[in-house]
Amino acid sequence: MDIFNIFSIIGTIAFAVSGAVVAMEEEYDILGVYVLGLVTAFGGGVVRNLLIGLPVTSIWNQGYLLKIAIIAMTIAFLLPVRWILRWRRSEAFFDAIGLSAFAIQGALYATKMGHPLSAVLVAAMMTGIGGGIIRDVLAGRKPLVLKDEIYAVWAMLAGLAIGMGWFVTTTELLILFVVIITFRMLSVYFKWKLPRRSLKRAFVTEPAVSMSTRNLFKKRDVD
């Protein structure tokens with residue numbers, strides 16, 4: 001499983017820098033950069049631990065990942081703007097690596113503890129997307145992972161594959177890792193989206209309809 005430690009490092013760097021970039025876009029100070037970056041990198045793991053019964057304090061056992069995240073955020077804070085813009089062009093790919101690695105690890109944690117398939121799906125999903133949701137909320141944004149792209153679905157797919165026992169060995173897990181990355185990048189390239197139903201327009205037009213109806217009754221009373 002050493003190779004998944006490498007994937008975790010890559011994912012941690014990607015998520016930490018993602019949170020740092022969002023903080024700089026919102027013009028947060030350097031403390032805000034560190035807070036948002038750490039929340040993005042480790043928030044999903046904290047939520048997962050709470051849901052499946054692992055100690056939240058186990059996050060502190062990942063000291064080397066915390067150090068890597070802090071170094072990555074510091075570098076991102078000091079980089080010239082043009083370099084950050086270049087990084088953002090490949091952000092989706094590194095984000096896909098982090099999503100795949102963390103979703104698989106979350107599913108493995110839940111499976112190891114003997115949880116049912118439903119818990120494995122939730123653990124995989126929340127490990128992969130939890131940090132991004134908390135990041136967007138703290139930044140005052142709508143969580144993009146629940147609105148604009150098929151994102152959480154791929155994390156749940158990883159959880160389903162592991163929970164059903166389809167991928168067990170290291171080689172099989174590596175294959176699953178690549179499959180999740182591929183689907184994530186395909187959804188970005190082709191802009192796949194889940195069906196949605198918006199009530200915003202209905203709520204906007206309803207007061208106007210009510211007002212027109214009220215005016216109609218007033219006119220009849222006058223007549």
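Tutor: Let us begin with the word helix, which here means a DSSP run of H or I that is at least four residues long, with numbering from the N terminus. Please keep in mind that this is a predicted model.

Student: Which helices each supply at least two residues of the nonpolar patch?

Tutor: They are helix H2, covering 30–52, and helix H3, covering 63–78. The patch itself is made by Ile30, Leu31, Val35, Phe77, Leu78 and Leu138, and its area is about 560 Å². H2 gives the largest share, which is three residues.

Student: Why is leucine 138 called partly exposed?

Tutor: Partly exposed is the range between buried, under 20% relative accessible area, and exposed, over 50%. Leucine 138, which is found in helix H6 (residues 117–138), has 43% relative accessibility, and therefore it counts as partly exposed.

Student: How do you know whether serine 18 is buried or exposed?

Tutor: The cut-off for buried is under 20%, and serine 18 has a relative accessible area of 4%, so it is buried. This serine 18 lies in helix H1, residues 2–25, and, leaving aside residues up to four places away in sequence, serine 18 touches Trp87, Glu91 and Arg135.

Student: What makes glutamate 25 and arginine 141 a salt bridge?

Tutor: The term asks for a side-chain nitrogen of Lys or Arg within 4 Å of a carboxyl oxygen of Asp or Glu. The closest N and O atoms of glutamate 25 and arginine 141 are 2.7 Å apart, and the pair therefore forms a salt bridge. Because glutamate 25 lies in helix H1 and arginine 141 in the loop between H6 and H7, this pair ties together parts that are 116 residues apart in sequence.

Student: Which other salt bridge does arginine 141 form?

Tutor: Arginine 141 also forms a salt bridge with glutamate 26, where the closest N and O atoms are 2.9 Å apart. Glutamate 26 lies in the loop between H1 and H2, so this pair ties together parts that are 115 residues apart in sequence. Through shared partners, salt bridges join Glu25, Glu26 and Arg141 into one network.

Student: How many salt bridges does the structure hold?

Tutor: The structure holds three, and one of them is formed by arginine 135 with aspartate 136, whose closest N and O atoms are 3.0 Å apart. Both arginine 135 and aspartate 136 are buried, whereas arginine 141, with a relative accessible area of 29%, is partly exposed.

Conventions. Residues are numbered from 1 along each chain as its sequence is written. This is a predicted model: local features need pLDDT of at least 70, side-chain atom pairs count only at pLDDT 80 or more; totals for chains, interfaces and linings use all residues. Side-chain values use heavy atoms; hydrogens and water are left out. Buried means under 20% relative accessible area, exposed over 50%, partly exposed in between (1.4 Å probe, protein chains only). Contact means heavy atoms within 4.5 Å. Patches are made of residues with over 30% relative accessible area and no salt bridge: like charges are joined within 9 Å, nonpolar side chains (Val, Leu, Ile, Met, Phe, Trp, Tyr) within 5 Å. Accessible areas come from the Shrake-Rupley method with a 1.4 Å probe; for residues, only the protein chains shown count as cover.
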